[in-house]
Amino acid sequence: KNRNINVNVEYIDGEIRISENNPILGQLKMDEEGILQSQKDDKENHGIGSRNVREIVEKYNGEIEYQVENGRFNVVIVI
């Protein structure tokens with residue numbers, strides 16, 4: 001019913017803050033290193049984007065945080 005995706009980008013005090021949220025069914029699955037895992041059956045062809053984002057955030061010494069709240073997946077990136 002509510003399939004919208006919200007994205008917000010701000011530049012504040014020398015940092016870029018990107019926040020995104022979208023609907024999610026279920027919970028987040030993280031591996032032992034705290035890396036988000038795809039919940040889709042064909043895992044070899046899914047979850048690539050989240051790995052790439054994490055690599056970029058780490059390259060620039062940023063932070064990334066995931067959570068699920070009220071049926072929505074939220075990610076916040078600060079670089």
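Let's start with Val7, which is found in strand E1; strands, labelled E, are DSSP runs of at least two residues, numbered from the N terminus. At 56% relative accessibility, Val7 counts as exposed, because exposed means over 50% relative accessible area, buried means under 20%, and partly exposed lies in between (1.4 Å probe, protein chains only).

A quick word on the model: it is predicted, so local features need pLDDT of at least 70, side-chain atom pairs count only at pLDDT 80 or more, and totals for chains, interfaces and linings use all residues. Residues are numbered from 1 along each chain as its sequence is written, and side-chain values use heavy atoms, with hydrogens and water left out.

Now for the sheet. E1 belongs to an open sheet of 4 strands, in the order E1-E2-E6-E5, with antiparallel pairing. The edge strands are E1 and E5 (63–69), each pairing on one side only. From one strand to the next, the twist averages 10°; angles run from 0 to 180 degrees between N-to-C directions, with axes as lines fitted to C-alpha atoms. Two strands count as paired if DSSP finds at least two bridges between them. In general, strands of a sheet pair through backbone hydrogen bonds, either parallel or antiparallel.

Here are the pairs:

| Strand pair | Sense | Bridges |
|---|---|---|
| E1 and E2 | antiparallel | 7 bridges |
| E2 and E6 | antiparallel | 7 bridges |
| E5 and E6 | antiparallel | 7 bridges |

Back at Val7, the residue opposite is Glu20 in E2. E1 and E2 form a hairpin with 2 residues between them, and Asp13 in the turn has a positive phi of about 50°. Over in E6, Ile77 is the bridge partner of Ile18, and Ile77 is also the bridge partner of Ile64.

At 15% relative accessibility, Asn74 counts as buried. Leaving aside residues up to four places away in sequence, Asn74 touches Glu20, Asn21, Glu65, Tyr66, Gln67 and Glu69, where contact means heavy atoms within 4.5 Å.
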